[in-house]
Amino acid sequence: MKKTIILLCAVLSLGAAFDASAQTLKVGTVAVKTVLDSYYKMKEAEQRINDARNGYKKEVEDRLDIQKKLGDEINKLSEEIVKPELSKESKEAKGKGRDEKIGEYKNMDRENHEFQTQRERQLQEQQMRMIKGILDEIVKVVNERAKAEQYDIIFDTSGMGTGFPSVLYAKDSYDLTQSVVTTLNKNKGSEPASAEAPAKATPAPKEKPKK
């Protein structure tokens, strides 16, 4: 019975200490996704990206129109070549012209594909730069607010997909990184070598001398 009372007192004391610590810990939350959706600079960035994408689509359409016209010319030459009333010389001349246009068409097709790939990559890079700049602004505001109002830790409640870690701000005193590194490295050089020895290569059998 006495041991039970002592154990109960210990548990209550531990709970009281935890409650006191929790009361001194100031925690805040920020829904980063809501901030992004509501920030005017994000809306402006999205509009610039949309304008750039529309301009890119127009460029692609113009290029494809030129390529289509070239394809129509190739088809027309192919139809003319098979006409029975056409002389041999004319057929050879049109065939040569068609072959040249086919080569031009293939080059244009490759260039258009490369153009689309390059422009898509440029748009993605531009979008990432814009969003990163905005996210950096958010982090700055969160950190300034946290320090000014003495928050201990601030969480992002948006969940996955914002590009942010779940913890937006934490006091340096909570960072255990160096302590963990020190603990892991303290036994360096004092641990025994691994028991597993590298396998030795089996020597090749010697050839018997020929008689």
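A salt bridge, as the term is used here, is a side-chain nitrogen of Lys or Arg within 4 Å of a carboxyl oxygen of Asp or Glu. By that criterion, a search of the whole structure finds 11 salt bridges. Please note that the model is predicted: local features need pLDDT of at least 70, side-chain atom pairs count only at pLDDT 80 or more, and totals for chains, interfaces and linings use all residues. Residues are numbered from 1 along each chain as its sequence is written, and side-chain values use heavy atoms, with hydrogens and water left out.

I shall discuss three of these pairs.

In one of them, Arg-53 and Glu-120 form a salt bridge with an N to O distance of 3.5 Å. Arg-53 belongs to helix α3 (residues 40-81) and Glu-120 to helix α4 (residues 88-148), so the pair ties together parts 67 residues apart in sequence. Helices here are DSSP runs of H or I, at least four residues long, numbered from the N terminus. Both side chains are partly exposed, a class that lies between buried (under 20% relative accessible area) and exposed (over 50%), using a 1.4 Å probe and protein chains only. The values are 22% for Arg-53 and 27% for Glu-120.

Another pair is Lys-101 with Glu-73, at 2.9 Å, N to O. This pair also links distant parts of the chain, with Lys-101 in helix α4 and Glu-73 in helix α3, 28 residues apart. Lys-101 is partly exposed at 24%, as is Glu-73 at 37%.

Finally, Lys-58 and Asp-62 meet at 3.0 Å, N to O. They are four residues apart in helix α3, and therefore separated by about one helical turn.

Terms used:
Helix = DSSP H or I, 4+ residues; strand = E, 2+ residues; numbered from the N terminus.
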